Amino acid sequence: MTTALLLTLLSVFCIYDSLGPFLFHAGRPLIAGTLAGLIIGQPLLGMAVGATLELTALGVYQYGGATIPDYQTGAIVGTALASAVAAPFDQQVAVALGIGLPAALLLAALDPLGRFLPVFWLHRADHYAQQGNGRGIGLMHWTAFIPWAAVRAIPTFLAALAATSGAVQDIADAIPSGLVDGMKLAGSLLPAVGFALLLNVMPVRRYWYLLIAGFVLFAYLEMPLIGIALCGLVAAAVFVTAQGKPGQQAADDQPPDTESTLTKRDLRRSFWRYFWSYQISWNYERMQAMGFAYSIEPALRRLYPEQGAYSEALQRHLQFFNTSPIVGGPLVLGSAIAMEEANERTSAAGVKVALMGPLAGVGDTLTWAVYNSIIFTIGASWALQGNAIGPIFTMVLVLVPYFLVRRWQFFFAYNQGKRLAARLASGALARLSDGATILGLVVLGGFIPSIVKIVTTLTYQQTITVQGTPSTQTVHIQEQLDALLPFLLPVAVTAVTYLLLRKFRIRTMWLIAGVGLVGLALGWLGWFAPTLPEPPK
């Protein structure tokens, strides 16, 4: 029971962290699985399960509030149930994936419920805004997290209780060895779905040669993943620098902002509110509106001591709002506070409408599609090798940069005031987005052959004549493919998955299920495997 309660609390913390502070991005399966493994006393199992699901989930994020597979709960549930199986480590991992991936897909059906129910809290917050009750809005904001937590905590608790029964062991004993081999191959192929999703949001036709450059660095020059990432960073920096800084003068021509009325304490309170809880009240009706109003409330209270004006300001900032929470949200919040301080109420509302769309596109690309994909791919690849540095590396590279980037944006935007919009309109967003794309494509070109694992075990016999004596030899098809192009099969699987997504617009969940089933069948038949078997000694 204690373990079940701890895993349930973990599920609540994971979703809170992914909606609020992003301390470790605990909602990602690599982190959730690792922490679940620590709780049950099998950290290596948790790392392996979380890393495999992480590579499957690459590029899968809640863009614009989209519902995605619940990989967080899948990693926790899969790790918990597989830990109850007395079997070799590889079989435990296969069982965990066989449970965790379907669970992630099925539990996605509960996610809309967690997003819809906070609407009732939002309407109550509207009532408090009309009364000029900022504390009431704060109460609604925090308690609106309850549905988000419940739809993950309840399934986790039930699965953790099931792990203590003998049913899991009975099911594992009934699984044939061929099915286990199929599960292993399916787990090795599923990262192709994540890479395909990333490629689908990037201008591959325009920068296809960057993918080839990354592939050459890994396949022919045998450069490690960190080295490939650094090469991509250099290429992106060269591109951005070569573009220059157009429009800088226009931004500098803006008049200086008025003298500050807000205290540093007011600004810090707004920032920390944003940091700790920004999206925990996200809902289908107005998305991040309640979080934005709660964050800006300390500044509004100082600026509008008269109850009527304060109430009007609260209602103004409870309107629809949604943008990227890491790169974008803090900028808009800081700028809106500066506008309110300058008594430009129309501009304060206008800057939110004008910037939330462009910043959402750039912020999501920078944070989710590029930065997260790089650090989580590297961390997952190390975790699959049983190296605990993998999840630690990832957590550190979330904790520190995520905090510093948000803090800098908030105070920079506040100090810039209305000059911010002119600076962003000068082409800075476009250059930043292009630089991120260059970095991402170079890195993906090296990551695909290093992460997607598939080889063929098929062979054929041929007879050759040596000095007049016929001899029969076994030819391994994989060796022939390697001579043609190293890592041909991983690249082919990713390319086919990308084409299915791009050309036929197959839904993500169906694509994951399809690739998983194909891997399961091919692995069960014994025609393909993640790696070639060791030759007999």
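## The enclosed cavity

A cavity is a set of grid points where a 1.4 Å probe fits but cannot get out, and its lining residues have an atom within 4 Å of a point. The model described here is a predicted one. Under this rule, the count comes to one cavity of 30 Å³ or more. The largest cavity holds about 30 Å³ of space.

Eight names make up the lining of the largest cavity: Ala369, Val370, Ser373, Ile374, Gly440, Val443, Leu444 and Phe447. Two helices, α20 (345–384) and α22 (419–451), each contribute at least two residues to this lining.

Helix α19 covers residues 329–341 and has 13 residues. From its first C-alpha to its last, α19 reaches 18 Å, close to the 18 Å expected at 1.5 Å a residue. Is α19 buried or exposed? Of its 13 residues, 13 are buried, so the helix is largely enclosed by the rest of the structure. After α19 comes asparagine 343, which has a positive phi near 65°.

Helix α16 (264–277) has 14 residues, which should span 20 Å at 1.5 Å a residue. The end C-alpha atoms of α16 are 20 Å apart, in agreement with that expectation. The buried residues in α16 include Asp266, Leu267, Ser270 and Phe271. Arg273, Tyr274, Phe275 and Ser277 of α16 are buried as well. The buried residues of α16 pack against α8 (134–143), α17 (289–303), α19 and α21 (389–416).

Threonine 263 lies in the loop between α15 (248–252) and α16. The relative accessible area of threonine 263 is 30%, so this residue counts as partly exposed. The side chain of threonine 263 forms a polar contact of 2.9 Å with the side chain of aspartate 266, a residue that is buried in α16.

Threonine 263 can also be placed relative to glycine 214. The two residues are 49 residues apart in sequence, and their C-alpha atoms are 49 Å apart in space.

Glutamine 42 is located in the loop between α2 (29–40) and α3. With a relative accessible area of 23%, glutamine 42 is partly exposed. Leaving aside residues up to four places away in sequence, glutamine 42 touches Gly37, Ser83 and Gln92. Threonine 79 is 37 residues away from glutamine 42 along the chain, and the C-alpha atoms of the two are separated by 8.6 Å.

Leucine 158 belongs to helix α9 (residues 145–162). Exposed means over 50% relative accessible area, and leucine 158 is exposed because its value is 52%. Leucine 158 and threonine 8 are 150 residues apart along the chain, with their C-alpha atoms separated by 9.1 Å.

## Positive phi angles in loops

Most residues other than glycine have a negative phi. Which phi value does phenylalanine 487 have? Its phi is positive, about 60°, although the residue is not a glycine. Phenylalanine 487 sits in the loop between α23 (477–484) and α24 (488–503). At 30% relative accessibility, phenylalanine 487 counts as partly exposed.

Arginine 505, also a residue other than glycine, has a positive phi near 55°. The loop between α24 and α25 (508–525) contains arginine 505. Arginine 505 counts as exposed, with a relative accessibility of 69%.

Definitions and conventions
Residues are numbered from 1 along each chain as its sequence is written. This is a predicted model: local features need pLDDT of at least 70, side-chain atom pairs count only at pLDDT 80 or more; totals for chains, interfaces and linings use all residues. Side-chain values use heavy atoms; hydrogens and water are left out. On a 1 Å grid over the protein atoms alone, a cavity is a set of points where a 1.4 Å probe fits but cannot get out, and a pocket is an open set with protein on both sides within 12 Å along at least five of seven lines; lining residues have an atom within 4 Å of a point. Grid points are joined across faces, edges and corners, and a volume is the space filled by probe spheres set on the points. Helices (H or I, at least four residues) and strands (E, at least two) are DSSP runs, numbered from the N terminus. Buried means under 20% relative accessible area, exposed over 50%, partly exposed in between (1.4 Å probe, protein chains only). A polar contact is a pair of N or O atoms within 3.5 Å; within protein, one must be able to donate a hydrogen and the other to accept it, and residues adjacent in sequence count only if both atoms are side-chain atoms. The expected span of a helix is 1.5 Å times one less than its number of residues. Contact means heavy atoms within 4.5 Å.
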